[in-house]
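User: I am new to this structure and would like to go through it with you. Could you show it first?

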Amino acid sequence: MKLLIIEDAARLRDTLGKALSKMGHAVDLAEDGSEGDMMGRTAEYDAVVLDRMLPGMDGLEVLRGWRRDEIRTPVLLLTAMDGIEEKVRGLGVGADDYLTKPFALAELVARLEALVRRRYDQPDPALSVGPLTIDSAAKSVCRDGTKIDLTAREFSLLLCLARRPGQVLSREQIERHLYGELDGPQSNAVDSAVYALRKKICPPGTEPMIHTRRGLGYVLEV
């Protein structure tokens with residue numbers, strides 16, 4: 001997932017960024033509402049974690065402006081206020097989900113993954129593409145029933161392609177999806193990741209699934 005975390009508490013923001021990056025997600029961080037508002041308008045994200053109380057611009061103000069301008073990125077609103085009225089207000093402004101502090105990282109990730117599946121019209125965590133079965137919740141991949149071991153980054157790459165079957169993605173699009181501001185990818189990072197993934201999901205003697213479109217990028221097709 002490509003995620004934006006807008007949180008003014010430095011310790012929580014950095015902890016979330018590092019933990020989600022370690023899981024293979026691309027993460028960008030913003031420390032106030034104004035910065036987060038600009039980032040949410042200028043880059044494409046699978047989902048946003050938005051703190052309710054922020055300096056610069058309040059979280060609800062950021063969200064209200066996005067929805068007014070038809071920015072439909074799924075938003076998980078974080079708050080220390082757990083009253084029903086506060087939750088109703090946040091959801092009414094346009095939040096897709098709500099989580100109160102303190103929270104467990106596992107719950108945050110599960111809620112974000114559910115939002116992203118909904119965005120890609122994928123209600124079931126298990127996604128099938130040809131001989132591949134990809135479980136976004138269990139982080140597992142099987143080909144014809146045989147499990148394939150992938151790194152977190154390789155899994156994110158495969159999921160990125162599998163959610164857009166038949167669609168050519170440029171190297172720049174893939175890089176933006178796989179790497180956030182906490183990463184420093186080398187110039188050939190995408191090509192290397194695609195090469196490694198190809199070897200694992202398409203062993204010798206099997207039909208290729210990831211195809212190169214010269215000058216354009218890569219596409220997952222059966």
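User: How are α2 and α3 oriented to each other?
Analyst: In this predicted model, helix α2 (residues 33-42) and α3 pack at an angle of about 25°. Angles under 35 degrees count as roughly parallel, and α2 and α3 are therefore roughly parallel to each other.

User: How far apart are the axes of α2 and α3?
Analyst: Their axes are 10 Å apart.

User: Is the crossing of α2 and α3 left-handed or right-handed?
Analyst: α2 passes α3 in a right-handed crossing.

User: Which residues of α2 and α3 meet?
Analyst: From α2, the residues are G33, G36, D37, G40 and R41. They meet V62, G65, W66 and R68 of α3.

User: Now the sheet. What is the order of the strands in the open sheet?
Analyst: The open sheet has 5 strands in the order β2-β1-β3-β4-β5, and the pairing is parallel. From one strand to the next, the twist averages 20°.

User: Which strands stand at the edges?
Analyst: β2 (26-30) and β5 (97-100) do. Each has a single partner strand, so one side of each is left without a neighbour in the sheet.

User: How many bridges join β1 to β2?
Analyst: Strand β1 (residues 2-6) is joined to β2 by 5 bridges, and the two run parallel. As one example, L4 has D28 in β2 as its bridge partner.

User: Which strands does α1 lie across?
Analyst: Helix α1 (residues 10-22) lies across β1 and β2, and runs at about 170° to β2.

User: And which strands does α3 lie across?
Analyst: Helix α3 (residues 59-68) lies across β1, β3 (47-51) and β4 (75-79). Relative to β3, helix α3 runs at about 145°.

User: What does I201 touch?
Analyst: Leaving aside residues up to four places away in sequence, I201 touches L132, R143, I148, L158 and I210.

Notes
Residues numbered from 1 in each chain as written. Predicted model: local features only at pLDDT ≥ 70, side-chain atom pairs only at ≥ 80, totals over all residues. Heavy atoms only, no water. Contact = heavy atoms within 4.5 Å. Pairing = 2+ DSSP bridges. Helix = DSSP H or I, 4+ residues; strand = E, 2+ residues; numbered from the N terminus. Axes fitted to C-alpha atoms, helices over the stretch in contact; angles between N-to-C directions. Parallel < 35°, antiparallel > 145°, perpendicular 65-115°, else oblique. Left-handed = near helix turned anticlockwise from the far one by under 90°.
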